[in-house]
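The following exercises concern a single protein model. Each task is followed by a solution in steps.

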Amino acid sequence: MSRGKSTNHLKRSSGNKNPRGYFLIVVEGEQTEYNYFESLKRELKLSTTDVKIVPAYGGDPLEIVTTAYDLYQQQQYDQVFCIFDDDNKPDKYKQALSTAKKYNVESITSIPCFEFWFLLHCCYTTSPFSSYKELRPKLESEMRKEGILQKGETYNKSDRLLYEKLKPNQEKAIIHAIKLENNHPNEDGCTKPSTRVHILIDKLQKQKNFE
């Protein structure tokens, strides 16, 4: 697949103190990831960076990457991020990773699913969960221990308040994600379990330095 120019030349110089930044974040749909990053965007109230969050509807990681690149062709963003997980589609997942690298789109991946990032808000673990279905009981148990879920309450992917509920534990999650990265390097994006969500959060938070 050949789609022309890459985004190499759009990487911002760290020495530029007054940029007007344009970030594109493409997620799988209009539930978990979309709501989470929309909430983060509202909280940060960035005035020097426009953050556009767009849902893709193809149902697989490669569709997310190609949607992001197509949108970049229409409007040249400074940085482009794709949020996806392996979704039990390892071939499509690996193809998405290589395509994103080719287009200079940054892959913000989680294995086995985005909810692994939520689990790190509660505890540190290296358990190689095989799927969301396997991870969910552990997530609900740990969220109840932390008071994020009430007794008897179940995890709801479409809960629009998830970011606000998790926010008090965000620093803990970042520490756990960095520890996991150090103990289980994720250079190829395929380490199980793993997440790179904290990297994008850090990038967005650092835009506050330009305010």
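Rings of Phe, Tyr and Trp (its six-membered ring) form a pair if their centres lie within 6.5 Å. The model examined here is predicted.

**Exercise 1.** Identify the residues that form one aromatic cluster, and state how many aromatic pairs the structure holds.

*Solution.* By the pairing criterion, the structure holds 12 aromatic pairs. One aromatic cluster is formed by Y36, F37, F114, F118, Y132, Y155 and Y163. Of these residues, Y132 also has K157 over its ring face, at 4.3 Å from the ring centre.

**Exercise 2.** Classify the pair of F84 and Y93, and decide whether each residue is buried or exposed.

*Solution.* A pair of aromatic rings is described by the distance of the centres and the angle of the planes. For F84 and Y93, the centres are 5.6 Å apart and the planes stand at 70°. Planes over 60 degrees apart count as edge-to-face, so F84 and Y93 form an edge-to-face pair. Buried means under 20% relative accessible area. F84, at 4% relative accessibility, therefore counts as buried, and Y93, at 3%, counts as buried as well.

**Exercise 3.** Determine where the buried residues of helix 7 lie around its axis, and what they pack against.

*Solution.* Helix 7 comprises residues 170–183. Its buried residues are Q170, A173, I174, H176, A177 and L180. They cover an arc of only 165° around the axis, which means that they lie on the same side of helix 7. On the other side, E171, I175 and N182 are exposed. The buried residues pack against helix 1, helix 4, helix 6, strand 5 and helix 8.

Terms used: Residues are numbered from 1 along each chain as its sequence is written. This is a predicted model: local features need pLDDT of at least 70, side-chain atom pairs count only at pLDDT 80 or more; totals for chains, interfaces and linings use all residues. Side-chain values use heavy atoms; hydrogens and water are left out. Helices (H or I, at least four residues) and strands (E, at least two) are DSSP runs, numbered from the N terminus. The expected span of a helix is 1.5 Å times one less than its number of residues. Buried means under 20% relative accessible area, exposed over 50%, partly exposed in between (1.4 Å probe, protein chains only). The arc is that of the directions from the helix axis to the C-beta atoms. Contact means heavy atoms within 4.5 Å. Rings of Phe, Tyr and Trp (its six-membered ring) pair if their centres lie within 6.5 Å; planes under 30 degrees apart count as stacked, over 60 as edge-to-face and the rest as tilted. A charge sits over a ring if NZ of Lys or CZ of Arg is within 6 Å of the ring centre and within 35 degrees of the ring normal.
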